Amino acid sequence: MNRNLDQLLNQRITGYEEALSTLPISEIRRKQIQTDFIVSVRLMETLANRNLRANDWSNIIVIILSALVPVLINFSTGPDNEDDKYLGVATICSVLLAIGNALRQSYKFREKWISYKHTAELLLIEGQHYFSLSGKYLKYPTHDDAFATFIANIGNLRLNQLNNYKKEIASDSEADLG
């Protein structure tokens, strides 16, 4: 399923690249849109997907270890158990579970995925409005006239992403100190 979503996103980005190549704007402006808009969307989507995969895998590992520990403890206390090998394995699994949970809480994969995906979607919506000269770009007769506003809006979206990321890090650091 993830491959289908990646393919759809690539088709969407390719559509923007093709539309960009036909816009009646200067080459320097075309390159700036490529850099500021298209590369930013790809970056946000890549970061979102990376964090989604990390979140999914960490959830799977924690679920498996959470289910495995009680089973191993039951095996270690059974009447046929002559050694403590199951208890040792249960202890190791418990330690790995604690480490896995600590990493999930520290790296906040889910929160990062949501943040990056949100920014990517906002960038895409901004692009839709610019390319179709709709929404806040309705008042501009040409893409060339709307260019400065579009680049400023893209910059603001990217800046908001950075500020949110910094806020998240700062709040985590303050929580660790307090």
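Start by selecting Leu133: this residue follows helix H4 and has a positive phi, near 50°. Before you move on, note that this is a predicted model, in which local features need pLDDT of at least 70, side-chain atom pairs count only at pLDDT 80 or more, and totals for chains, interfaces and linings use all residues. Residues are numbered from 1 along each chain as its sequence is written, and side-chain values use heavy atoms, with hydrogens and water left out.

**Zoom out**

Show the whole protein chain as a cartoon. Helices here are DSSP runs of H or I with at least four residues, strands are E runs of at least two, and both are numbered from the N terminus.

Now colour by burial. Buried means under 20% relative accessible area, exposed means over 50%, and partly exposed is in between, with a 1.4 Å probe and protein chains only. Of the 178 residues, 30% count as buried. As for contacts (heavy atoms within 4.5 Å), take those with a separation of 6 or more: 68% of them join residues 24 or more positions apart.

**Along H4**

Select residues 109–132, which make up H4. The end C-alpha atoms are 34 Å apart, and this agrees with the 34 Å that its 24 residues should span at 1.5 Å a residue. The expected span is 1.5 Å times one less than the number of residues. The buried positions of H4 include Phe109, Ser115, Tyr116, Leu123, Gly127 and Tyr130.

Show its surroundings and, leaving aside neighbours within four places in sequence, you'll find Asn51, Tyr107, Tyr165 and Glu168 in contact with Lys112.

Next, click on Gln128, also in H4. With a relative accessible area of 34%, Gln128 is partly exposed. Not counting residues up to four places away in sequence, Gln128 touches Arg12, Tyr16 and Ser134. Draw a C-alpha to C-alpha distance from Gln128 to Tyr16: the two are 112 residues apart in sequence and 8.7 Å apart in space.

**H2 against H4**

The axes of H2 and H4 come within 8 Å and cross at roughly 150°. That makes H2 roughly antiparallel to H4. Axes are lines fitted to C-alpha atoms, for helices over the stretch in contact, and angles run from 0 to 180 degrees between N-to-C directions; over 145 degrees counts as roughly antiparallel, under 35 as roughly parallel, 65 to 115 as roughly perpendicular and the rest as oblique. The crossing of H2 and H4 is left-handed, meaning that the near helix is turned anticlockwise from the far one by less than a right angle (clockwise would be right-handed).

**The cores**

Which residues have the most contacts inside the largest nonpolar core? Select Ile33, Phe37, Tyr130 and Phe150, in a core of 28 residues. Helices H1 (2–22), H2 (27–76), H4 (109–132) and H5 (143–177) each supply at least two of its residues, and H2 gives the largest share, 7 residues. A nonpolar core is a set of buried Ala, Val, Leu, Ile, Met, Phe, Trp, Tyr and Cys residues joined through side-chain atoms within 4.5 Å.

Centre on Phe150. Neighbours within four places in sequence aside, Phe150 is in contact with Ile33, Phe37, Glu126, Gly127, Tyr130 and Tyr137.

**Over to H3**

Select residues 85–107 for H3. This helix has 23 residues and reaches 33 Å from its first C-alpha to its last, close to the 33 Å expected at 1.5 Å a residue. Ala90, Cys93, Leu97 and Gly100 are buried in H3, and what covers the buried residues of H3 includes H2.

The axes of H2 and H3 come within 8 Å and cross at roughly 155°. H2 and H3 are therefore roughly antiparallel, and H2 passes H3 in a left-handed crossing. Residues making the contact include Ser58, Val62, Leu65 and Val69 of H2 and Ala90, Cys93, Leu97 and Gly100 of H3.

Last, pick Leu103 in H3. At 42% relative accessibility, Leu103 counts as partly exposed. Leu103 and Ser58 are 45 residues apart in sequence and 8.6 Å apart in space, C-alpha to C-alpha. Finish just after H3, at Lys108, which takes a positive phi of about 45°.
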